[in-house]
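The chain in question is shown below.

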Amino acid sequence: MQSRIPRQSAGEQDVRRPDGPGLDTRFSEELASVVTGARRRAVRDGDRQIDTAHLLHSLLEYDPEARAVLGDGPQVARLLGYLVQRSIGYGLRWQSTVEDSGAVPVVSGVAGFSPLAAAAMEDACVRAARRGMDRACGVDLLAALVTDPQARAVEVLGRAAVEPRTVLARVENHFEPTT
């Protein structure tokens, strides 16, 4: 029986690591776990790059704060159902393609990420900095993932009847100071 996971050369394996300058130091511990989980998922799915759907899937698995922002249990369960189907169903058409809408500039120095995923990671750091934080958290990444309508994460959200603008509004409400 032949393995479903393609063999990779050492050079291909190195492509998966996000080696941007200080990239991991700009993430909270939880967000670093999300990136690690997304990397494992990409390898397991046979994808050459981490895309926004990998990041969304890992956010839902590893970050309870991001999960809470998305809403009630049935909605998260539906999202996870679509993300799990990625490797056996509709997501197969994504294999061997690069996630890139052309709407965002390519972020250099973030090897192993699709252009949209790299831009989302950068945007998460920018969002954290605007809040006066040194490190981005999962909710910052969640907001960044839903900003480009061509992102695979947005497609998955749409299939689960989750409106990206609603997610952004929930993120903004999440960070508003309570008085």
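Axes are lines fitted to C-alpha atoms, for helices over the stretch in contact, and the angles between N-to-C directions run from 0 to 180 degrees. The model discussed here is predicted.

**Helix packing.** The axes of helix 3 (residues 52-62) and helix 7 (residues 138-145) cross at roughly 145° and come within 11 Å of each other. This crossing of helix 3 and helix 7 is left-handed. On the helix 3 side, Thr52, Leu55, Leu56 and Leu59 take part, meeting Gly138, Leu141, Leu142 and Leu145 of helix 7. The contact comprises 6 nonpolar and 2 polar residues, with no charged residues.

**Gln75.** Helix 5 (residues 73-85) holds Gln75. Gln75 counts as buried because its relative accessibility is 13%, and the limit for that class is under 20%. Apart from neighbours within four places in sequence, Gln75 is in contact with Leu70, Ala161, Val162 and Arg170.

**Confidence.** The chain has a mean pLDDT of 78, and 71% of its residues reach 70 or more. Among the elements, helix 7 has the highest mean pLDDT (96), while helix 1 (residues 10-14) has the lowest (37).

| Stretch | pLDDT | Contacts in the model beyond near neighbours in sequence |
|---|---|---|
| Residues 1-22 | under 50 | 30 contacts, beyond four places in sequence |
| Residues 101-109 | below 50 | 15 contacts |

Where pLDDT is low, predicted coordinates should not be read in detail.

Technical notes
Residues numbered from 1 in each chain as written. Predicted model: local features only at pLDDT ≥ 70, side-chain atom pairs only at ≥ 80, totals over all residues. Heavy atoms only, no water. Helix = DSSP H or I, 4+ residues; strand = E, 2+ residues; numbered from the N terminus. Left-handed = near helix turned anticlockwise from the far one by under 90°. Contact = heavy atoms within 4.5 Å. Nonpolar A, V, L, I, M, F, W, Y, C, P; charged D, E, K, R; others polar. Buried < 20%, exposed > 50% of the residue type's maximum accessible area, 1.4 Å probe, protein only. pLDDT = per-residue confidence, 0-100.
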